[in-house]
Amino acid sequence: MRIGIIGAGAVGALTARELTRYDLEVYIFEKEFDVGMGVTKANSAIIHAGYDDEPGTLRAKFCAKGNEMYSAVAKELDIEFKRIGSLVLAFSDAELRIIEELYKRGLENGVPGLEIWDRDKILAHEPNINQEVLAALWAPTAGIIEPWMIAIAAVENAVENGAKLFLNTEVTDIVIENNKIKRVVTNNGDFEVDVLINAAGLYGDYVSKMAGVETLPIHPRKGEYILLDKEEFGGFVKSVLFPTPSTLGKGTLVTPTIDGGILVGPTAVDLPGERKFREDTSTTIQGFEFLMAKAFKMTPNIDFRSSIKTFAGLRPETPIKDFIVGRTKVNGFFNAIGTRSPGLTAAPAIACFLVEEIQEAMGITFHRRANFNPIRKRIRSYIQMPLEDWDRIIEKDPLAGNIICSCNKVTEREIVEAIKRGARTVDGVKFRTRAMFGSCQGGFCSHKIMKILARELGVDVSDVVLRNEKTKILYGKVRT
Amino acid sequence: MREIPVDVLIIGAGAAGMGAALGAAREGVQKVIIIEREDRTGGILNQCIHNGFGLHYFREELTGPEYAERIKSLLKDYENVEFKGDQFVKAIDYKNRTVIVVSREGIVLYRPKTLVVTTGARERPMGGILLPGTRPAGIFTAGVAQRWINLENRKPGNRALVIGSGDIGLIMARRLTLEGIKVEAVVEKMPYPGGLERNIRQCLKDYDIPLYLSHTVVEVRGKDRVEEVVIAELDNNFRPIAGTEKVFKVDTLVLSVGLIPQTNLFKDFLRTDPWTKGIVCTSSGRTSMNWIFAAGNCTVIYDLVDWVTEEGEKAGKYAAFYVKNGQEAAKFPLEKGQNVGILFPNYYEEGTNLNIYLRVKKPMDRGIIRIKQRNNLLYNKVHASLMPSEMVNVKIPEPKIGVGDITVEVVEA
Ligand SMILES: Cc1cc2nc3c(=O)[nH]c(=O)nc-3n(C[C@H](O)[C@H](O)[C@H](O)COP(=O)(O)OP(=O)(O)OC[C@H]3O[C@@H](n4cnc5c(N)ncnc54)[C@H](O)[C@@H]3O)c2cc1C
């Protein structure tokens, strides 16, 4: 049986990996140059505990479950995941009542370990929180992750287990015969499939329409962020700090990142649904001012002079503010869209659900493959290794001794390995190795990395691109 | 793992590190080693192919690479100095006084008697100024653009806008122009330029490049490549004034928005100045740990490379003294008075000359720089056209200086 998956974000990637456990032909179609570069790239990167979601929603169904699954997923895929816990802060009696509501909702959703903390306990744990805090909801299972790594690692593992990845491959049409999926049409040829899963993120409604399945319209809701330098602000907070939520969502948070920096965001601004807005990840002065004001309220000592990066992500929002996951009226066509927050958290649970859902909807049973290997290994990093061991490795592999990224101390070996594993762009190297992620943001090393990319890909350095073929960085030679 | 004992270990072979090597070598210590990340000496000088270096130190005008070459040749006379390129300092174990260095040849543990930190500065990245808009290809910091053009023979774009009118921004505007890249304008958020007057003339006016003071970028446009950059005028509170927007059709944006002392390796054990982010030093170049010295842009951002070399030499010399006699003198703080924005060094160390570097906070047509130690006036002179962009160097010889805290102020003449 041939199963196609449209989109290599967290949802598509984990679903593809889940399907490779079975005796199936799995194709992944991704329109971008690399995997995980859609919604999955730019978000808060929180694996939510699951107390926010109203019981009865798909969010509630998949979030707490997904959270629980992350320990195993992260271990098998060898990606860093830290359960640092989250605090929802209440600054007034009204807010206190809301966090008590969240506590109850959390219990109903099966969220473990929830506690209401008083001011002393909060400040003992997080001394940088505004002293005026009254109480907080503590959720120990909340965690942080590198979101793009979920897609990168899951696709690597899926491909290792036989899935076929088609990058630069945009699905432009879907052919249905007798109300059954027949074929997908792409800019890279046509593919016959028996089952098709739409995990196209922000473009999920377009893809669904290609199959003749009307869905709720998707519009982007922009979220802007500011990242503070870990060298200045590392350790400023230990856990994820949320304000008390409003109708607009979970609010602006202050959180450590896996890399050690402090992330402030997101904003929440609804954009129109037209295609051009689904690419509008620009940041704004108003957005920055909003974020600073919100962050100062929770953590008055924060200092934005230490910012090193700003970015924005787009949530695929629907009018019902919920996921759209499961079978459709077209036989063999399944949706996994409307993946607003907490889609990242929910993704492993959605993936498992889809495997069951497909079998049930189509009245078939998948057969497990005996040789499925659930383990993927991360690119080996040397910086934390005992010096004697590192020294011995360098003796055989000098590239492991050539540090390219000064801030995050990434070696030439890691960069070459990232390219071997599929990085074709500067961003591809960045997201796989954390090179250029630090204080200087590539000021010292981007030219070295571009030269390594050029060498390994066999092109001139002028032909090295930032993220796709339209993003050349250099315009040829100055003097010929 | 190999272990190498050394008298003076210098981290960074730029203008300050080479100066430090000279200073230490002259004092006749047995072994001076310079560790450098790149494969050659010179640091940032190598990519500064314009003129204007060396007027103080060598009394002639040189290009950056010429200047670097000159110091290197001075060092040739000393057999006690060794340069090691392509080496990366991973960490410093300050308790055991070891320096862990990684390279393609393996890992080496240096055991220095003294350390001189000359790691220079890094450029503030685009995220550091909260640049609004898209983040396409075509945005470069000045140093990165300079490197591509001058060292790698590659073109960063065809039409550019430069943000920041410090010397680096001005010099890059000229370099881009000379290499056939059209520079539409230089944009500066302050009401006065950040660079030297002579650079405004020689880099902008001579090439008819407009300078927009009190302006900033309010939006970068373009999904894949920079397509347009929108600037606007700023009011007194540095907020953009609606209706003053101007749109430039450029494919390249060059940011020259400040240098930050590069101290990441040391900040767990050396004091840094919360305002300048530089390593806190005495007038001998000694840091908050008595066996570690520092000089150059990792201590404070200088205007002239000549000063950097001079300060490096001094730090090297005192590091060598420390190797020889292990002594440390009393020190007294330097306090910032009226209209002093930046002041270096942070302490006066007895027995040294006091070489003060300062920048005013606000421009002043005629100001008196007044330096006092308790009631003793060490210096009191009128200086014309004081600008935050122009660092002032005041030298006070050792015999004039007594004991006690020192204050530096700039008052209206
Ligand atoms: C600001 C913000 C904050 C968030 N915070 C969190 C959080 O803290 N925790 C959490 O759990 N979730 C969070 N989320 C939600 C989470 O990021 C998403 O739910 C998740 O990343 C969605 O993954 P996806 O695979 O559905 O979508 P995507 O990652 O967008 O993947 C879809 C892929 O499909 C591809 N594609 C689209 N159309 C086609 C086509 N026609 N042909 C081929 N390929 C196509 C796209 O290029 C893309 O790569 C946040 C989202 C945002 C925007």
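## A first look around chains A and B

B:Arg374 is exposed, with a relative accessible area of 60%. Here, exposed means over 50% relative accessible area, buried means under 20%, and partly exposed lies in between, with a 1.4 Å probe and protein chains only. B:Arg374 sits in the loop between strand S22 (364-373) and strand S23 (376-386) of chain B, and its phi is near 50°, a positive value in a residue other than glycine. Helices (H or I, at least four residues) and strands (E, at least two) are DSSP runs, numbered from the N terminus.

This is a predicted model, in which local features need pLDDT of at least 70 and side-chain atom pairs count only at pLDDT 80 or more, while totals for chains, interfaces and linings use all residues. Residues are numbered from 1 along each chain as its sequence is written, chains are lettered from A and ligands numbered from 1 in the order in which they are written, and side-chain values use heavy atoms, leaving out hydrogens and water.

### Around the ligand

Let us turn to the ligand. Of the 40 residues around the ligand, A:Glu30, A:Thr40, A:Ile46, A:Thr339 and A:Thr345 come nearest; a residue is near a molecule if one of its heavy atoms lies within 4 Å of it. The shell divides into 18 nonpolar, 16 polar and 6 charged residues. In this count, Ala, Val, Leu, Ile, Met, Phe, Trp, Tyr, Cys and Pro are nonpolar, Asp, Glu, Lys and Arg are charged, and the others, Gly among them, are polar.

Helix H1 (10-19), strand S14 (219-228), strand S19 (307-317) and helix H9 (343-362) of chain A each supply at least two residues of this shell. The ligand lies between domain 1 (1-80 + 143-218 + 318-378) and domain 2 (86-140 + 221-314) of chain A, because both give residues to the shell around it. The domain bounds come from an automatic or database domain assignment.

The table lists polar contacts of the ligand, meaning pairs of N or O atoms within 3.5 Å.

| Residue | Part of the residue | Distance to an oxygen atom of the ligand |
|---|---|---|
| A:His48 | N or O atom in the side chain | 3.2 Å |
| A:Thr339 | polar backbone atom | 2.6 Å |
| A:Pro342 | backbone N or O atom | 3.3 Å |

The protein covers 98% of the 1,000 Å² of accessible area that the ligand has on its own, with areas from the Shrake-Rupley method and a 1.4 Å probe.

### Backbone details

A cis peptide bond joins A:Ser341 to A:Pro342, with omega about 0°, and A:Pro342 lies in the loop between strand S21 (333-337) and H9 of chain A. In chain B, a cis peptide bond joins B:Phe344 and B:Pro345, where omega is also about 0°. B:Pro345 belongs to the loop between strand S19 (340-344) and strand S20 (347-349) of chain B.

A:Lys409 has a phi near 55°, a positive value in a residue other than glycine. This lysine, A:Lys409, is found in the loop between strand S22 (403-405) and strand S23 (410-411) of chain A.

### Cysteines

How many disulfides does the structure hold over all chains? There are 0, where a disulfide is a pair of cysteine sulfur atoms within 2.5 Å. For A:Cys440, the nearest cysteine sulfur, that of A:Cys407, is 3.7 Å away. A:Cys440 counts as buried, at 5% relative accessibility. B:Cys48 is in no disulfide either, and the nearest cysteine sulfur, that of B:Cys203, is 12 Å away. At 11% relative accessibility, B:Cys48 counts as buried.

How values were computed
Polar contact = N/O pair within 3.5 Å; in protein donor to acceptor, adjacent residues only side chain to side chain.
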